[in-house]
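Work through the exercises below with the model open. Each solution goes step by step.

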Amino acid sequence: MSQSLAAAGTAAVAPAEVVLAGDLARPARITVADLPAWPQHAAEVSFECSASGIRHHRFTGPLLYDVLAAAEPAFDAARRKDRLRFLIAVTGADGHHALLSWAETDPDFGRAPVLLAATIDETPLDRAGPQLVLPQDRCGARYISGITAIRVDGGYPAWT
Ligand SMILES: Nc1nc2c(c(=O)[nH]1)N[C@H]1C(S)=C(S)[C@@H](COP(=O)(O)O)O[C@H]1N2
Ligand SMILES: [Mo]
């Protein structure tokens, strides 16, 4: 095999990368292979898709909160009010995206058990990229698959 073909072959099976960016002291690029570093959770979920009806899946992976806390969002952790202006923007490879509030996932506020899933139905997501899992959502639209970027933004509201 020529060198260029070998390189193309490597690229085709390269694990998907997720960029953790924004107002973070420790921005990072992570892969699904990094996700076992955090405590693992499992979620058996059902959600409704307006196009395909009720779906059932089992996901495993860390809490989104734990992964993002390790990246050190730029708020004053001692002042709980300071977190309330932070948003989390999650983007998939196809451009599908959604916003969460930091407080939605924070154990001091909404405590939503949102996962950054490393497996779906016992299948690893190394090549596809992790999937957002919101067990409390009735609708499937925020179960973003193939996540490529998660941006934490403390710039809200912009008018202060
Ligand atoms: N990247 C990406 N993730 C996505 C979507 C999408 O268009 N792009 N659609 C969402 C919607 S609307 C639903 S209902 C679920 C469907 O999940 P399923 O394919 O497991 O049924 O994926 C969600 N995740
Ligand atoms: Mo959907």
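**Exercise 1.** Find the contacts of ligand 1 with backbone N or O atoms.

Solution. Start at Tyr 143: one of its backbone N or O atoms lies 2.8 Å from a nitrogen atom of ligand 1. Go on to Ser 145, where a backbone N or O atom is 2.9 Å from a nitrogen atom of the ligand. Then take the side chain of His 57: an N or O atom there is 2.7 Å from an oxygen atom of ligand 1. Finish with the cover: the protein hides 70% of the 530 Å² of accessible area that ligand 1 has on its own (Shrake-Rupley method, 1.4 Å probe).

The model is predicted, with local features needing pLDDT of at least 70, side-chain atom pairs pLDDT 80 or more, and totals for chains, interfaces and linings using all residues. Residues are numbered from 1 along each chain as written, chains are lettered from A and ligands numbered from 1 in the order written, and side-chain values use heavy atoms, without hydrogens and water.

**Exercise 2.** Which residues surround ligand 1?

Solution. List those with a heavy atom within 4 Å of the ligand. They are Phe 47, Cys 49, Arg 55, His 57, Asp 94, His 96, Gly 140, Ala 141, Tyr 143, Ile 144 and Ser 145. Next, sort by element: S3 and S4 each supply at least two of the shell residues (strands are DSSP E runs of at least two residues, numbered from the N terminus). Last, sort by class: five are nonpolar, four polar and two charged (Ala, Val, Leu, Ile, Met, Phe, Trp, Tyr, Cys and Pro count as nonpolar, Asp, Glu, Lys and Arg as charged, the others as polar).

Key:
A polar contact is a pair of N or O atoms within 3.5 Å; within protein, one must be able to donate a hydrogen and the other to accept it, and residues adjacent in sequence count only if both atoms are side-chain atoms. Helices (H or I, at least four residues) and strands (E, at least two) are DSSP runs, numbered from the N terminus.
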